[in-house]
Each structure stands twice: as C-alpha cells, then as structure tokens.
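Biologist: I've got this one open on my screen and would like to talk it through. Can you take my questions one at a time?

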Amino acid sequence: MIKSFLSACIIFWVSITSAQTSIILKADSAKQVINKNIYGHFAEHLGRCIYDGFYVGDSNKIIPNTDGVRNDVIAALRKMKIPVLRWPGGCFADTYHWKDGVGPKAKRPEMVNTWWGGVTEDNSFGTHDFLNMCERLGAEPYISGNVGSGTVQELSQWLQYVNFDGKSPMSDWRRQNGRDKPWHVKYWGVGNEAWGCGGNMTAEYYANIFRQYATFMNDWSNDYKITRIASGASDADYHWTEVMMRDIPHRLLGGVGLHHYAVNWSDKSSATEFTEQQYFTTMKSALLMDELITKHSAIMDKYDPQKKIALVVDEWGGWYNVEPGTNPGFLYQQNTMRDAMIAGVTLNIFNNHSNRVRMANLAQTINVLQAVILTNKEKIILTPTYHVMEMYNVHQNARLIPITIKTDDYTFGNEKLPSVSASASKDSAGLIHISLTNINSKEEETISLTIEGEKYKSVTGRILTSSKLQDHNTFEEPEKIKPQIFKGASLKGNLLSIKLPPFSVVVLELK
Ligand code: AHR
C-alpha cells in the first residue's frame, strides 16, 4: 500500500516537473556524414562584399592585406572553418566575363554592375585573386559560370584556364599571368537563377541549355570528375527540380540548386528594429526550409534513389531592408539575435537532411544580407551569425546521430512554431556534439535528453544569447554578443538535463 502510494507520488512528481522538450539521441547509430560544405558561404560582386569586404587592393597601406585581401578577414574565416566559397554571383555571375578579370590589373577593362547599384567596377578582383584567396582560406572554390549572357566557349575556356595542367592556349595564358599549376576547381555552377536574373528561362529550356554547356565543361581528362551544379528552384517550385532530374543525364549532373531566403517580401522591415510579429514571420519563413528540402528531396529520390546527386542550397539567409542611408542596391544589413536564430535552425535542418543536402551557401559572407562579417574601413565585426557558424563547425564531416524530438510550441496570435530545434553528430575522436536552438522569444525551455546506446561521462558547452532579440554587435561595441561558457546542462547517467534560455543557441560536447 505504502509502496504504491510512493510510486504514485513519484509519477506525479515526474509529471509536474517533466521537461517541455524531450529528445532521444541514438548515440550508437551515427552513420551519415555531414558534408562540411553544408557550412559554405557565398561572395558576390554586390555592394561591399568583394570590394571593401574581402578585397581592399594590393596598394592599400592602411588595412593589413595579402595581395589585396584583408588579413583580418582571412583569419576570422579560417577560425570559423569556412569550407567552400561560391563566387562571383548570384545575378552578377550571368553578367561576368572572366577574361576581363585576368592579366595586369591596370589593363583590365571596367564594367558596370547592372544588377547591384549600377556601379562601375575595375575588375581588379578576378579569377587569380579569388582562387588564391580560397587557398589561403583553406576553402574549396565554387565558381558560378555565365550562362545568361555568356557563351559555351567562354565557360569551357574558363575551365581550361583554371584546371588544365597540360599545354593549351588557356593554360599557357594562366602561366603568363603568374600561375603555373592549375587550381583544380571541382564545383561549377551552370548559371544562376536561370528562371529569373539568369535568363528568365523555363525549366525545360534551361535543362537543354544545361546539357549543352555541361557537355563542353570538362576537366580535360574526360573523366567528368568536376561537379556541375544546375541552377535550382526558387522556394517551392517543385516543377523545376522535377525537370532537372528528369531531363538532364545524371552523368552530367552533380547537384541541383535551391534558393530560399527567410524574408517577407511585402514587408522586409528593418534588420534591427522589428516587432515580435516580424520576428515570428521571419522564423516561419526560415523553418519552411525543412518542408522545402523534404519535398525537393522526395522528387530527387524518385529519379535518383541512391542519392548520388546533391541538393545544393546555394543561397539562404535573412533578407531585410538595407541600413538607413546606404545604397539600396548594396543590400547592406545589420545582424541581430534574430539572425542567430535563423542560422541555428537552418543548420540543424541541413544536418538532419545531410543524406541529400551536401552543400549550402549562406548569402552572403561580408557586408551583404546575412553576413558573418561587417567591415568599416580598418575595423571588422563578427556578427551573431558568425558565432553560430563557428560554434556549429564541430559538425563538419562528423557523422549524424539520429534524434527524435518532442518540443512544445512558440505561439504568436493563432500561429505556432516548434520552440526547439536540434541536431547531433559524432566526430572522428568519438565526441558527441549537440546543437540546440530555442527560438521562443519569451520562454526558457527545459530539455530532457536521453542518450541511448552509449555512455558518456561529462558535458560541456557554449551558449550564444543576449538580453534582447534586436541586440547586435556594432563597431563601437563589437563584442556585445559572443559565445559564453554554458552552465545550464547536467549529466546523470544517460540523462542530460538542459535549461535553454529564450532565443539562445547552445552547442554541447559529450565525452
Ligand atoms: O544574394 C542576392 C541575390 O539573391 C543573388 O544575386 C541572386 O541569386 C538572388 O536572387
């Protein structure tokens, strides 16, 4: 009698203190590798991303640089472990003629950037500058070719210029321009947003164009080892993906793109002064990524059940109004804890879909959209998004651990979103990392996480949070938001208890 009374009390006690979020982690089931390129970036000739961002010119004596590329930027991106960098666009890619950007800088012709601000560029940052910079960054280059206003020959020659080791007109020209060995660029985009700024094509028309371009894009050993990436769908344009998978021979197709921004096009709103409603709408748009990937992947599975072709989310991120007083064509925006939330949930989505998503590129690296770095003359700041990318880099090339998660709702008005998102992986040293993002703007989440299959002795972690969602780093206060040691997790046996503050990102390590 007493025994059953006691067990009833225990059950009651457990139920009133039970966690709002419960997670089960199957530690012994880690298989799928999370391709490090999921943590990739994107640098377009747009606003102050290249010029003023990466590149300040080799005659600049004020800002420390190597061949014109900022040393502080290289150091920060290396620390973040940037794995791959897409260039030169974006919409710009389909206006770019690469031959104008090689050879002596003084002799390079100018060009007008018709998509972004109508500014005149001097082509001083070109192919050598980009590829040598990637070597310094330790990042794989991903070049977007010009299909919209270029020619098959122009793109084919670009490949020959950067990848051919033997003697040819293009490789000889590369040598004359100071580079003996080829760079062996693996990732090549065949145009960008072919349905829009890349040529306003139909999916069927573009699929044929792709076949034509891809045939003449080879790595000059005829083994087709380069990865050709088709310009992908916008958001929920599933027909586009269907046609790419159906109409392009798979031996020519390494990846299919997808672009999705967390944006409300009818009310982009300020990057820093936003209401809770605007925050909620942004998060709803960011979380849509999961559904988009699921549905595009299902189409790809129909044609490619072995998942040989990657889904490449080569543009994603938050998109708001530009900062007051800046050129509207430059897309310069600040970056707050809201952006940390976008990054936290999106990277968890990518990890959990890593069997199909094998590359993604945040738009964009410096001074444009959801940037990881902002620059102002000789100063730089690292944004909250930078810190999330750096905290999550423990997942790069680790093996995904399947999780099941039950979380309660973050409600606003009549709508609701899941409060907590998570993903987990095991690295080559056997350490487990769990990344958790609580998007709830008001509620702390108590998480109860059960580890199945293996035993761990200790837990440590880092947290990114702040007192207001609108908080951000500025040139006056560059370290307002930065990762801190996290003390809200405790491990007893196989049960991990975690207290996750409102709008916070936490990465835990289990040993
Ligand atoms: O990232 C900014 C722009 O957004 C890119 O140039 C284009 O591809 C997309 O529409």
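This is a predicted model: local features need pLDDT of at least 70, side-chain atom pairs count only at pLDDT 80 or more; totals for chains, interfaces and linings use all residues.

Biologist: What does the secondary structure come to, and how compact is the chain for its length?

Modeller: The protein chain has 10 helices and 27 strands. For 511 residues the globule rule gives 24 Å, and the chain is as compact as a globular protein of that length because its radius of gyration is close to that, at 24 Å.

Biologist: Which strands stand at the edges of the open sheet of 6 strands?

Modeller: The order is β16-β20-β21-β27-β23-β24, with antiparallel pairing. Strands in a sheet pair through backbone hydrogen bonds. The two end strands each have a single partner, so one side of each is left without a neighbour in the sheet; they are β16 (399–401) and β24 (484–485).

Biologist: Which residue in β20 is the bridge partner of R399?

Modeller: β16 and β20 (residues 420–426) run antiparallel and are joined by 3 bridges. For R399, the partner in β20 is K426.

Biologist: On to A43: is it buried or exposed?

Modeller: A43 sits in the loop between β2 (40–42) and β3 (65–66). The cut-off for buried is under 20% relative accessible area. A43 has 1%, so it counts as buried.

Biologist: How many Å apart in space are A43 and T365, C-alpha to C-alpha?

Modeller: Not counting residues up to four places away in sequence, A43 touches a set of residues including W87, Q364 and T365. A43 and T365 are 322 residues apart in sequence, yet their C-alpha atoms are separated in space by 5.8 Å.

Biologist: And N218, which residues is it in contact with, leaving aside neighbours within four places in sequence?

Modeller: N218 lies in the loop between α6 (203–216) and β10 (227–234). Its relative accessible area is 13%, so N218 is buried. Apart from those sequence neighbours, its contacts are L159, I226 and R228.

Biologist: Last one: how far apart are the centres of the positive and negative side chains?

Modeller: The protein chain has 53 positive and 53 negative side chains.

Key: Residues are numbered from 1 along each chain as its sequence is written. Side-chain values use heavy atoms; hydrogens and water are left out. Helices (H or I, at least four residues) and strands (E, at least two) are DSSP runs, numbered from the N terminus. The radius of gyration is taken over C-alpha atoms; the globule rule is 2.2 Å times the number of residues to the power 0.38. Lys and Arg count as positive and Asp and Glu as negative; His and the chain ends are not counted. The place of a charge is taken as NZ of Lys, CZ of Arg, CG of Asp or CD of Glu. Two strands pair if DSSP finds at least two bridges between them. Buried means under 20% relative accessible area, exposed over 50%, partly exposed in between (1.4 Å probe, protein chains only). Contact means heavy atoms within 4.5 Å.
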